[in-house]
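Please look through the model below before reading on. The paragraphs that follow it are meant to be read with the structure in view.

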Amino acid sequence: MQVRAYTEADESAVIALWDECGLIAPQNSPLRDIQRKLQVGRDLFLVGVSDGGIVATVMGGYEGHRGWINYLAVKPSERRKGIGQALMKAVEQRIHEKGCPKINLQIRSKNSEVIAFYKAVVYLKDDVVSLGKRLEYDS
Ligand SMILES: CC(C)(COP(=O)(O)OP(=O)(O)OC[C@H]1O[C@@H](n2cnc3c(N)ncnc32)[C@H](O)[C@@H]1OP(=O)(O)O)[C@@H](O)C(=O)NCCC(=O)NCCS
């Protein structure tokens, strides 16, 4: 698998992958999420390519204090081959190179398989409550 930064030509393949992976939530437009990401730290939006097709994505971020991970997705037929782990390593390296000391991420508490994945790549549970305030509605 080759890891490279997202380009505009990847848009439809990436949205199809997120749909296949169940990552599209009604409150978030994937297109608007991509457009916003292209305005801020687009070099941390990575895709994994194998045999000419996109098999994985990760949308990393760094706002000067913490790194963030969103939209980690591996095509269902390509799972348990180490692709998720390889993509996390690639995005972690790029975030660290920007001077970031710690990465945070949020997972739905019922998503036990993904929690197992993140434990395997050494993410520890923080003793925090996750709060959010929506500033804009996509739909
Ligand atoms: C989470 C996800 C990215 C993992 O990708 P992957 O390429 O299959 O992961 P890897 O092959 O690198 O797995 C590394 C290790 O994580 C653990 N792991 C991965 N998937 C797991 C699962 N479903 N159940 C339990 N442990 C799992 C294992 O320890 C695995 O090592 P092993 O295969 O040698 O046992 C993938 O399942 C996915 O895309 N899920 C749906 C999208 C999603 O919910 N993303 C998270 C948004 S926050």
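What follows goes from the annotation to the sheet, and then to the surroundings of the ligand.

This is a predicted model, in which local features need pLDDT of at least 70 and side-chain atom pairs count only at pLDDT 80 or more, while totals for chains, interfaces and linings use all residues. Residues are numbered from 1 along each chain as its sequence is written.

An unreviewed UniProt entry carries the annotation "domain: N-acetyltransferase" for residues 1–139; UniProt positions are given in the numbering used here, feature names are shortened, and annotations may be inferred rather than shown by experiment. Over residues 1–139 the chain is 32% helix and 22% strand, with the end C-alpha atoms 35 Å apart. Helices (H or I, at least four residues) and strands (E, at least two) are DSSP runs, numbered from the N terminus.

Strands of a sheet pair through backbone hydrogen bonds, either parallel or antiparallel. Here an open sheet of 5 strands has the order β1-β2-β3-β4-β5, with mixed pairing, where two strands count as paired if DSSP finds at least two bridges between them. Because β1 (2–5) and β5 (103–104) stand at the edges, each with a single partner strand, one side of each is left without a neighbour in the sheet. Helix α3 packs on the sheet and touches β1, β2, β3, β4 and β5, its direction making about 35 degrees with that of β3; contact requires C-beta atoms, placed from the backbone, within 7 Å, and axes are lines fitted to C-alpha atoms, for helices over the stretch in contact, with angles running from 0 to 180 degrees between N-to-C directions.

Strands β2 (residues 45–50) and β3 (residues 53–62) run antiparallel and are joined by 6 bridges. Among the bridge partners in β3 are Gly53 for Ser50 and Ile54 for Val49. The hairpin of β2 and β3 has 2 residues between the strands, and Asp51 takes a positive phi near 50 degrees there. On to β4 (residues 67–74), which runs antiparallel to β3 and is joined to β3 by 6 bridges: Met59 stands opposite Asn70 in β4. The hairpin of β3 and β4 has 4 residues between the strands, and in this hairpin Gly64 takes a positive phi near 100 degrees.

Which residues are closest to the ligand? Of the 19 residues that surround the ligand, the closest are Arg79, Gly84, Gln85, Ala116 and Ala120, a residue being near a molecule if its C-beta atom, placed from the backbone, lies within 6 Å of it. At least two residues of this shell come from each of β4, α3 (83–97) and α4 (112–120), and α4 gives the most, with 5 residues. The shell divides into 11 nonpolar, 4 polar and 4 charged residues, with Ala, Val, Leu, Ile, Met, Phe, Trp, Tyr, Cys and Pro counted as nonpolar, Asp, Glu, Lys and Arg as charged, and the others, Gly among them, as polar.

How values were computed:
Contact = placed C-beta atoms within 7 Å.
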